[in-house]
Every structure is written in C-alpha cells, then in structure tokens.
Amino acid sequence: MSAPARLSSALLSWGAHRAGDEQSAERVRRLAGEAGLRAVVLVEGVSDREAVEAAAGRQGRVLAAEGVVVVPMGGATGIRRYLALLGPDGLGVRVTGLYDAAEEGFFARALEENGYGAAPSRQDLASAGFFACVADLEEELIRSVGTAGVEAVARAHGEYRALTTFRHQPAHRGRAPEQQLHRFLGTTSGRKARYARALVERLDPSSAPAPLTRLLAAT
C-alpha cells in the first residue's frame, strides 16, 4: 500500500474514534510526513470523493501524487474533528472541502473554532477553500449533466429499466425528473459512488459544477 493510501486509511480510522484517539492521531502525523502531505480535501461521503478524484483526473491530475488526500468524513458532523487535527491549530496543512448549503452555519462555526477567523461568511468559507453545493454534489452533477445524460449513464450501467420502474412508483410519479433521479441514486448501496464518477466522466469540462471546479482550483 502506498504512503498516501496508508495516510487515507489512518485518517478514516482516526475519524471513526468519535471520542478521540491520540494513538490514531499520532499515526496520522507520522504518515503525513512520509506521504509528503500537502493538502486534505474533506467531503461528506464516498460518492463525493469519487466525483472529486474523477474531476481531477479529467484535468490530468493525480491528487495522491500531488500530496493531496480526499477524505470522506461520513457526514458533515466530522468537520470539527478533522479541522482540529489538520487545520491551523493541528498539522497546519491546507484543508479544503465541499459542503451542502444547509450545513453552512455548522461549517462556519467549525472553521471559527479551529483558527480560521471569526464568523466566516460564505465568501470567507470560499476564501478558506470550502465551497457550497446548492443541495448536495449529486444535485449539482444532475443539473450539469442534464436528465438525458443521467439516463444515458443508467443505460450504461444496465439500470434504465429499474429507473423507469422507480419513476412510475406512486411516491415518485409526480416529482420533477431531477428529483426522481436524485432519489434514485440513493436507493441502492454503492450506486451514488458509481454514478458520481460516471457523471463526472460524462461532463463537458466547461459545464462542470462550479463548487467542484473551484475546489480543485483551490487545492
């Protein structure tokens, strides 16, 4: 296993210890040096990591080779702990990330508590390297690719019939197509991650979601 991969595993292990684990934190510090860690990208889930890494690949970048590790926090509540370990009062490496607009206040408080300045606004968050998605990254990707593009990805994955069946269910029949697609992505384990990468790979680079483009430019 490469040094960046060991570091990523150590960060995930540390994040799993909700009460704090100094031994895991020390392992992160040691592996950060071995991996030449330059920056950490914090995202909520695995699907977000897949999208970020795929988008970087579209730009000809290999983030691990640049000393950049993308860490799925397992939800927005992990931001405080990861910033404490990695931010200005911790390892002091560059930390960037994506967040859902509904979580903005939570992220602002976490940055304020960990050395990023008082009461950051959305503009301040962006200046610090954290970028808001309107609902979430999946919604941003669906809007950028378009419904026909998502349907094409479903066909490529052999799931168009499942999508059609889903759309005709009474609970979803009256929803907008974009809402149906968004909900469909979350109905099967692993689907969001698979589609996140596939949707990014289908994107015209000029129409990539702004938060994703700005994140990579800042990382």
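**View 1. Val41 sits in strand 1, which covers residues 39-43.** Strands here are DSSP runs of E with at least two residues, and helices are runs of H or I with at least four, both numbered from the N terminus. This is a predicted model, in which local features need pLDDT of at least 70 and side-chain atom pairs count only at pLDDT 80 or more, while totals for chains, interfaces and linings use all residues. Residues are numbered from 1 along each chain as its sequence is written, and side-chain values use heavy atoms, with hydrogens and water left out. Val41 counts as buried because its relative accessibility is 1%; buried means under 20% relative accessible area, exposed means over 50%, and partly exposed is in between, using a 1.4 Å probe and protein chains only. Not counting residues up to four places away in sequence, Val41 touches Val68, Val69, Val70, Val71, Thr96, Gly97, Leu215 and Thr219, where contact means heavy atoms within 4.5 Å.

**View 2. Tyr99 belongs to strand 3, residues 94-100.** Is Tyr99 buried or exposed? At 0% relative accessibility, Tyr99 is buried. Leaving aside neighbours within four places in sequence, the contacts of Tyr99 are Glu104, Phe107, Arg122, Leu125, Phe130, Phe131, Ala132 and Cys133. Pro211 is 112 residues from Tyr99 in sequence, yet their C-alpha atoms are 9.2 Å apart in space.

**View 3. The largest nonpolar core has 36 residues.** A nonpolar core is a set of buried Ala, Val, Leu, Ile, Met, Phe, Trp, Tyr and Cys residues joined through side-chain atoms within 4.5 Å. Which residues have the most contacts inside this core? They are Val52, Leu98, Leu141 and Val200. Take a look at Val52: leaving aside its neighbours within four places in sequence, Val52 is in contact with Val43, Leu63, Val70, Leu98, Leu212, Leu215 and Leu216.

**View 4. Phe106 is found in helix 5, which spans residues 104-113.** Phe106 has 18% relative accessibility, so it counts as buried. Beyond its neighbours within four places in sequence, Phe106 is in contact with Ala76, Thr77, Ile79 and Arg80. Ala76 and Phe106 are 30 residues apart in sequence, with 8.1 Å from C-alpha to C-alpha. Arg109 lies in helix 5 too, but Arg109 is partly exposed, with a relative accessible area of 43%. Between Arg109 and Pro120 there are 7.9 Å in space, C-alpha to C-alpha, and the two are eleven residues apart in sequence.

**View 5. Helix 4 (residues 79-86) crosses helix 5 at roughly 25°, and their axes come within 9 Å.** That makes helix 4 roughly parallel to helix 5; angles under 35 degrees count as roughly parallel, over 145 as roughly antiparallel, 65 to 115 as roughly perpendicular and the rest as oblique. The axes are lines fitted to C-alpha atoms, for helices over the stretch in contact, and angles run from 0 to 180 degrees between N-to-C directions. Ile79, Arg80 and Leu83 in helix 4 meet Phe106, Phe107, Arg109, Ala110, Leu111 and Glu113 in helix 5. By class, this contact has six nonpolar, no polar and three charged residues; Ala, Val, Leu, Ile, Met, Phe, Trp, Tyr, Cys and Pro count as nonpolar, Asp, Glu, Lys and Arg as charged, and the others, Gly among them, as polar.

**View 6. Helix 8 (residues 147-156) and helix 11 (residues 191-202) cross at roughly 125°, with axes that come within 10 Å.** That makes helix 8 oblique to helix 11. From helix 8, Gly149, Val150, Ala152, Val153 and Ala154 meet Tyr195, Ala198, Leu199 and Arg202 of helix 11. The residues of this contact divide into seven nonpolar, one polar and one charged. Which residues of helix 8 are buried? They are Gly149, Val150, Glu151, Val153 and Ala154. The cover over these buried residues includes helix 7 (137-145), helix 9 (160-167), helix 10 (177-185) and helix 11.

**View 7. Helix 8 packs against helix 9 at an angle of about 125°, with their axes 7 Å apart.** That makes helix 8 oblique to helix 9. Here Glu151, Ala154 and Arg155 in helix 8 meet Tyr160, Leu163 and Arg167 in helix 9. Just after helix 8, look for Gly158, which takes a positive phi of about 70°.
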